[in-house]
Amino acid sequence: MKYIYPAVFTFDTSDENFPNGVYLVNFPDLDACHTFGNTLEEAYNMAEDVLNLTLWDMEESKENIPAPSNPQNIKCNENSFVSLISADTLAYRKLYDKKAVKKTLTIPAWLNNLALERNVNFSNILQNALIKELGVENHS
């Protein structure tokens, strides 16, 4: 699934562990979805990562995913601004969910014998067929 959520970026100089300041990132629509970066670029990258991870987890848990707020309705202080962050949980899964899953299937014996004679890779054929059937781009 593809999503776009507003994030609030706040430049914070109050933490003594970060004497040059740090960019805090919070997603008002998603509880416990926050991160930070030492630079603005790092904060954006971390925001994209935490948004994908949070939404992926919510999808897996079958949780209700709230609609994103209108960025214009989000109030910020003088050290903050709102930016939209996109997430593509299918692409994220392809990158990080590489665990193989064993499947048991049934095919006619004659087809199995012919495939074995021709050294067919059953896993590869099943993966390609599922990718085609589900209309998924393969970027593994």
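# Reading a predicted fold

The protein exposes about 10,400 Å², and carbon and sulfur atoms supply 52% of that area (accessible areas follow the Shrake-Rupley method with a 1.4 Å probe; for residues, only the protein chains shown count as cover).

Me: What should I know before I start reading?

Reply: This is a predicted model, in which local features need pLDDT of at least 70, side-chain atom pairs count only at pLDDT 80 or more, and totals for chains, interfaces and linings use all residues. Residues are numbered from 1 along each chain as its sequence is written, and side-chain values use heavy atoms, leaving out hydrogens and water.

Me: What does the protein average in pLDDT?

Reply: pLDDT is the predictor's confidence in each residue, from 0 to 100. Here the average is 92, and 98% of the residues score at least 70. Confidence is lowest in helix α2 (residues 89-96), with a mean of 89, and highest in β4, at 98.

Me: How many helices and strands does the protein have?

Reply: Helices (H or I, at least four residues) and strands (E, at least two) are DSSP runs, numbered from the N terminus. There are four helices and four strands, in the order β-β-β-α-β-α-α-α along the sequence.

Me: Which residues have the most contacts inside the largest nonpolar core?

Reply: A nonpolar core is a set of buried Ala, Val, Leu, Ile, Met, Phe, Trp, Tyr and Cys residues joined through side-chain atoms within 4.5 Å. Buried means under 20% relative accessible area, exposed over 50%, and partly exposed in between (1.4 Å probe, protein chains only). The largest core has 17 residues, and Phe27, Leu30, Leu51 and Leu55 have the most contacts inside it. Elements giving two or more residues to this core are β1 (2-12), β2 (22-26), α1 (40-60) and β4 (80-88). Of these, α1 gives the most, with six residues.

Me: How many aromatic pairs are there?

Reply: Rings of Phe, Tyr and Trp (its six-membered ring) pair if their centres lie within 6.5 Å; planes under 30 degrees apart count as stacked, over 60 as edge-to-face and the rest as tilted. The count here is seven. One of them, Phe11 with Tyr23, is tilted, at 4.9 Å centre to centre and 50° between the planes. This pair links distant parts of the chain, with Phe11 in strand β1 and Tyr23 in strand β2, 12 residues apart.

Me: Is Ala91 buried or partly exposed?

Reply: Ala91 sits in helix α2 and counts as partly exposed because its relative accessibility is 34%.
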